Amino acid sequence: MASVSSAYLHSVLAFLNEQGIAITEIKCDIAQFSSERVAMQTYVDLLNYGAESSELSLFGFELGKCIQARDYGVLGYLVESCENLAQAIDVLRRFDALVADIGQTQLNVTDTFAHLDWQPLITDCKQMVLRNTTAWVATVRKILGETLSPHQVSFSFALSAQEIVQLKAWFKCEIITNANENRISFDRSLLALPFTSENKAIFLALVKLSETELSQKKALST
């Protein structure tokens, strides 16, 4: 069953609390919130509720900007210990299901650009896509520098002119809407930039731990 980890979901609850919205006010299946994994639809409902109750049409975007390594669990620290962005994307593709088994990631590299595509498992999930896309860029900026910007970011849904202006100001690049895919495009040279936090010993240990956790997750889902 498509699901997200409790750590990933609780970061949403913490953000809602900062907006003055208590968990008792949330109008979705809060019974699942104490579980280790939460169904994807419950997660989407929570994001949509957050957008409605906070009156933030880009709720997922605001949430993604606040991402912390701990929100990703083991995967967050694994990404930080990678050698470079290429290795981080490979790790993300291999172990993303540990955090949020809610979509498929694909990397396509041309002579000039690298394109990171993410296809969610359901439609009508604007806030979920906004959070994922923003969180990926925010995480890389924390490692490689706050001035890092993609070449272009594409979304498969419509956005208002005001929303596009907000996204352009933060991503610092062109924003495409109603595209065929949700995509982050960037100069391929960024793939080789070294991570300042690289630690091979920790990386190998976290890969082993992630492989174990992924195997356990697959065993539980069969």
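Modeller: K126 is partly exposed, at 22% relative accessible area; buried means under 20%, exposed over 50% and partly exposed in between, using a 1.4 Å probe and protein chains only. This is a predicted model, where local features need pLDDT of at least 70, side-chain atom pairs count only at pLDDT 80 or more, and totals for chains, interfaces and linings use all residues. Residues are numbered from 1 along each chain as its sequence is written, and side-chain values use heavy atoms, with hydrogens and water left out.

Biologist: Which side chain does K126 meet in a salt bridge?

Modeller: That of E163, at 3.0 Å from N to O. A salt bridge here is a side-chain nitrogen of Lys or Arg within 4 Å of a carboxyl oxygen of Asp or Glu. The pair links distant parts of the chain, with K126 in helix α6 and E163 in helix α7 (residues 161–171), 37 residues apart. Helices are DSSP runs of H or I with at least four residues, strands are E runs of at least two, and both are numbered from the N terminus.

Biologist: Is E163 buried or exposed?

Modeller: Buried, at 8% relative accessibility.

Biologist: How many salt bridges does the structure hold?

Modeller: There are 4. One of them joins D117 and R183, with the closest N and O atoms 2.6 Å apart. D117 is in strand β4 (residues 113–120) and R183 in strand β7 (residues 182–187), so the pair ties together parts 66 residues apart in sequence.

Biologist: Switching topic, which residue just after α2 takes a positive phi?

Modeller: E55, with a phi of about 60°.
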